[in-house]
Amino acid sequence: MIKLPRIIHKPSAKVFLENRWEKQRRAAKQGRHIFIASMPKSGSTFLASALEELLGYRRAWLADGYGRNDQNLYFPKFVDTFLLNTITHQHLRATEPNLELLRQFSILPVILVRNIFDVVVSIHDHMFIEDYSFPTFFCDEHYRDLPLQ
């Protein structure tokens, strides 16, 4: 039999988080949130940085994790930033759980778009000049050995 860590067995962490969320929601006014949803290499980092500096909002990361995985939204991160004025940019899909969290916190996302042919060129350049890891697809170092055609 596999013994799981105690934190998984205890429902108290979930109850604590839900209680904290309810207290915040009742006690104070929700902060303002700008949420930029985009595909990689579409200018979202530039836009978020410009808005952050212009508005004085705090950068917030609302994903459950980063790396080579989808940047799905994570309820505890929303609770942590509920009272703050935040700006977030994430590369995520419009899955039902992600949309539900945005609805629950009354956040209307800004959908940033860019010409797909420009995005492909930017991704290609990024993979040759910077790094070949991306959250939306898998590619390894052998990509650089492929012919351009």
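Trainee: Which side chain meets Glu96 in a salt bridge?
Mentor: That would be Arg103, with 2.5 Å from N to O. A salt bridge here is a side-chain nitrogen of Lys or Arg within 4 Å of a carboxyl oxygen of Asp or Glu, so the pair Glu96 and Arg103 at 2.5 Å qualifies.

Trainee: Before we go on, where do these numbers come from?
Mentor: It's a predicted model, where local features need pLDDT of at least 70 and side-chain atom pairs count only at pLDDT 80 or more, while totals for chains, interfaces and linings use all residues. Residues are numbered from 1 along each chain as its sequence is written, and side-chain values use heavy atoms, with hydrogens and water left out.

Trainee: What makes Glu96, Glu100 and Arg103 a network?
Mentor: Salt bridges link the three. Arg103 and Glu100 are about one helical turn apart, because they sit three residues apart in helix α5 (residues 96-104). Helices are DSSP runs of H or I with at least four residues, strands are E runs of at least two, and both are numbered from the N terminus.

Trainee: Why is Arg103 called partly exposed?
Mentor: Its relative accessible area is 47%. Buried means under 20%, exposed over 50%, and partly exposed in between (1.4 Å probe, protein chains only), so 47% puts Arg103 in the middle class. Glu100, at 39%, is partly exposed too.

Trainee: How many salt bridges does the rule give?
Mentor: Three. One of them joins Glu52 and Arg59, with the closest N and O atoms 2.9 Å apart. Glu52 counts as partly exposed at 26%, whereas Arg59, at 19%, counts as buried.

Trainee: Why is strand β3 called largely enclosed?
Mentor: Because five of the five residues of β3 (residues 86-90) are buried. Thr86, Thr88 and Gln90 cover one side, and Ile87 and His89 the other. In general, side chains in a regular strand alternate between the two faces of the sheet.

Trainee: What makes β1 and β3 a pair?
Mentor: Pairing takes at least two DSSP bridges between the strands. β1 (residues 33-38) and β3 have five, in the parallel sense, and Ala37 stands opposite Gln90 there. β2 (residues 58-59) also pairs with β3 in the parallel sense, over two bridges; Arg58 has Thr86 as its bridge partner.

Trainee: How do you know that Ser38 is buried?
Mentor: Ser38, in strand β1, has a relative accessible area of 7%. Its side chain makes polar contacts with the side chains of Ser42 at 3.3 Å and Ser44 at 3.2 Å. A polar contact is a pair of N or O atoms within 3.5 Å; within protein, one must be able to donate a hydrogen and the other to accept it, and residues adjacent in sequence count only if both atoms are side-chain atoms.

Trainee: What makes Met39, Ile116, Phe117 and Val120 a patch?
Mentor: Patch residues have over 30% relative accessible area and no salt bridge; nonpolar side chains (Val, Leu, Ile, Met, Phe, Trp, Tyr) are joined within 5 Å, like charges within 9 Å. Val120, in helix α6 (residues 116-129), is partly exposed at 49%, so Val120 passes the area cut-off. Together the four have about 400 Å² of accessible area, by the Shrake-Rupley method with a 1.4 Å probe, where for residues only the protein chains shown count as cover.
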